[in-house]
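Here are some friendly notes to read alongside the model. Take them one at a time, and keep the 3D view open as you go.

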Amino acid sequence: MAREDEERIVDNEESAQPEETTATGPSRGREDNELALPTGGCCMPSSTCHRFQALVFMCLLGFGSYFCYDNPGALQTVFKKDLDLSSTQFTLIYSIYSWPNVVLCFLGGFLIDRLFGIRLGTIIYMLILLVGQLIFASGAIIDTFWLMILGRFIFGIGAESLAVAQNSYAVLWFKGKELNMVFGLQLSVARFGSTVNFWVMQPIYDYVSKFYESYRALGVVLLLATLTCVMSLLCALILGWMDKRAERIMQRNNNPSGEIPKLTDVFTFKAPFWMVSLICVAYYVAIFPFIALGQKFFMDRFGYTAAQANTVDSLVYLIAAVSSPIFGFIIDKLGRNVTWVMNATITTIGAHALLTFTQLNPYVGMTIMGLSYSMLAASLWPLVALIIPEYQLGTAYGFCQSVQNLGLAVITIVAGIIADHSDGDHTWVQLFFMGWLTIALIATGVIWAYDKKHRGNLNMTPAQRAIFVNSANYQNFE
């Protein structure tokens, strides 16, 4: 009898609650249908199938920016001939991209955390990037160099902040699952975008030049390249819709603590984050500036022709495009991110040493460097998500991008000065790169020691991290 009374009371309480209706019926009908989806169905945001559908759009977010970023590199002789540019003016096209992002990239990440949110922020930065590329192409059509520089400046603001948003999306959807592989796959697609640009831009220019002459042909080609940015914008819109739907269905709370991000939060970040930021500078300045100066290095050191030097110089990116997702998958299974970062740094030092002090075929050293670069990218960037709370991730990734831009802008210039004063002997500039890699190795050692002392989870296996997180959640619940 008591059970019947309880059921009657429950029925009365449910019937007493008013049902929200609209002109077409109950307002929650559609949402209830979505909530009733099978757990493993491809339409359910928690399913692996659905998450990998979202991953396709995450990877394509950056395709347009990487494709358009290297448009000048693929058409270097065309730019100089059609626009009558000096080498200094041509390099300005690249440097104007990096310098503003020393500050603006950090600010862009903070705005994602504090103001825009990841969905709106991604769309805004993608629109800024698109407008910048359109202005850049328009400047070429009317042969106005200052307008091209303005467009490139705007393009850089959008592109680097978009990279921060892309990283934040990856953590939001894949943290604790396949995050290392996702970072590797994003790197792979990005490098593929650069590679496709080098494959197709010259043939497209050769075709367009049949209908337009000189700088107008170049402008039209750059406008056609803008279509890749339009494609990436469509991906941003689709991904935003998918994320909004996932948030509603899974009742996701990205900031359970209710904390409000502040710019000063960066001063509260723990020592491992600062070491990760240092590695972002110290490691990458031994890769990108080396590749930028690589053609002359291989010509002087190994007697290669310009074409042969370009082929071996591009090997790092080609290998990275293939091996990054593979390393990411392996690291997802094995964990131990700090150990992978340390191994990648040591083998990169070895690669530079082989290229500098031995006559071994340079393809061996560049292959090792490409594999090491992939290993580090797949293991380093996910560490930020293990160190920093989710509500501060945009700020954290923005800061990492900012210091990396600063390091690349300064170190590339310094490396060029050293190379210019070495009279064809590249030993000193190679020692310069190896010195930065040594700094990265020391920073990795600091992360390992700090994590071991504080019994952290940065160098754990996935099973150990699961136990660590569950234990921490249980303690917080108590």
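1. Let's start with a pair of helices. Phe52, Leu55, Met58 and Cys59 in H3 meet Met181, Val182, Leu185, Gln186 and Val189 in H10. Sorted by class, the residues of this contact between H3 and H10 are eight nonpolar, one polar and no charged. Please keep in mind throughout that this is a predicted model.

2. Now look at how those two helices are placed. Helix H3 covers residues 48-61 and helix H10 covers residues 179-208; their axes come within 9 Å and cross at roughly 40°. H3 and H10 are therefore oblique to each other. The crossing in which H3 passes H10 is right-handed.

3. The protein chain has 21 helices and two strands. It is 478 residues long, and 50% of these residues count as buried. The chain exposes about 22400 Å², with carbon and sulfur atoms supplying 64% of that area.

4. How do contacts link up the sequence? Take the contacts in the protein chain between residues at least 6 apart in sequence: 78% of them join residues at least 24 apart.

5. Is phenylalanine 67 buried or exposed? Its relative accessibility is 5%, so phenylalanine 67 counts as buried, the cut-off for buried being under 20%.

6. Staying with phenylalanine 67, see what surrounds it. Not counting residues up to four places away in sequence, phenylalanine 67 touches Gly193, Val196, Asn197, Val200, Met201, Ala225 and Thr228.

7. Which residues does glutamate 160 contact, leaving aside its neighbours within four places in sequence? They are Tyr97, Asn101, Cys105, Gln401 and Asn405.

8. Another helix pair is worth a look. The axes of helix H12 (residues 271-284) and helix H19 (residues 393-420) cross at roughly 35° and come within 9 Å. H12 passes H19 in a crossing that is right-handed. On the H12 side, the contact is made by Phe273, Trp274, Ser277, Cys280, Val281 and Tyr284. On the H19 side, the residues are Ala396, Phe399, Cys400, Val403, Gln404, Gly407 and Leu408. By class, the contact of H12 with H19 has ten nonpolar, three polar and no charged residues.

9. Finally, find helix H17 (residues 337-357) and helix H20 (residues 427-453), which pack with their axes 9 Å apart at an angle of about 165°. H17 and H20 cross in a left-handed way. Their contact comprises 16 nonpolar, nine polar and no charged residues.

Note on methods. Residues numbered from 1 in each chain as written. Predicted model: local features only at pLDDT ≥ 70, side-chain atom pairs only at ≥ 80, totals over all residues. Heavy atoms only, no water. Contact = heavy atoms within 4.5 Å. Axes fitted to C-alpha atoms, helices over the stretch in contact; angles between N-to-C directions. Helix = DSSP H or I, 4+ residues; strand = E, 2+ residues; numbered from the N terminus. Left-handed = near helix turned anticlockwise from the far one by under 90°. Nonpolar A, V, L, I, M, F, W, Y, C, P; charged D, E, K, R; others polar. Buried < 20%, exposed > 50% of the residue type's maximum accessible area, 1.4 Å probe, protein only. Areas by Shrake-Rupley, 256 points an atom, 1.4 Å probe, with all protein chains shown as cover. Parallel < 35°, antiparallel > 145°, perpendicular 65-115°, else oblique.
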